[in-house]
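Hi,

Here is the structure I promised to pass on.

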Amino acid sequence: MSTGAIIAIVIVVLIALALIAFLMPRMRAKSRERQLVRQRGEVADAHREHASTRAARAEEAEQIAARERAEAELHETRARMHERGLADDELADDRERLDDGRFAREERVEREERIEER
């Protein structure tokens with residue numbers, strides 16, 4: 001082989017090594033960037049899912065609170081009627097309902113607390 005061919009091969013090899021040395025860090029950086037973008041997406045999705053779950057639980061709690069407020073207003077209205085003597089014919093029924101309702105309400109609250117813990 002001639003000296004010129006050997007020099008040409010050495011120059012080509014040196015150029016190839018220089019390109020590899022120059023391109024490898026860039027390729028690694030691109031790979032790291034893609035991995036970082038993927039991880040960001042996964043974490044953002046997890047946070048969104050968590051936020052959605054919390055929002056659903058908050059909505060359910062608001063509905064329960066609204067129902068409880070409505071029941072409280074109903075009881076307050078009935079109390080005013082009894083104070084004014086407008087519901088004397090319902091005294092016995094209301095007394096039975098209140099005695100039974102006290103325990104039913106406690107059971108319902110316990111059931112709702114178990115649901116919220118899940």
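Met27 sits in helix 1, which covers residues 3-84; helices here are DSSP runs of H or I with at least four residues, strands are E runs of at least two, and both are numbered from the N terminus. Met27 is exposed, at 51% relative accessible area (exposed means over 50%, buried under 20%, partly exposed in between, with a 1.4 Å probe and protein chains only).

A quick word on the source: this is a predicted model, where local features need pLDDT of at least 70, side-chain atom pairs count only at pLDDT 80 or more, and totals for chains, interfaces and linings use all residues. Residues are numbered from 1 along each chain as its sequence is written, and side-chain values use heavy atoms, with hydrogens and water left out.

Met27 also belongs to a nonpolar surface patch of about 840 Å², together with Ile7, Ile11, Ile15, Leu19, Ile20, Phe22, Leu23 and Met24. To count for a patch, residues need over 30% relative accessible area and no salt bridge; nonpolar side chains (Val, Leu, Ile, Met, Phe, Trp, Tyr) are joined within 5 Å, like charges within 9 Å.

As for the whole protein chain, it has 2 helices and 0 strands. Buried residues make up 4% of its 118 residues. Its accessible surface is about 10,500 Å², with 58% of that belonging to carbon and sulfur atoms (Shrake-Rupley method, 1.4 Å probe; for residues, only the protein chains shown count as cover).

Now the charged pairs. Side chains of opposite charge can pair when their charged atoms come close. The structure holds 3 salt bridges, meaning a side-chain nitrogen of Lys or Arg within 4 Å of a carboxyl oxygen of Asp or Glu. Here they are:

- Arg38 pairs with Glu42, with the closest N and O atoms 3.0 Å apart. Both lie in helix 1, 4 residues apart, about one turn of the helix. Arg38 is partly exposed at 45%, and so is Glu42 at 46%.
- Arg48 pairs with Asp45, the closest N and O atoms being 3.8 Å apart. They are 3 residues apart in helix 1, so about one helical turn separates them. Arg48 is exposed at 56%, while Asp45 is partly exposed at 48%.
- Arg80 pairs with Glu76, at 3.9 Å between the closest N and O atoms. These two are also in helix 1, 4 residues or about one turn apart. Arg80 is partly exposed at 37%, as is Glu76 at 41%.

Cheers
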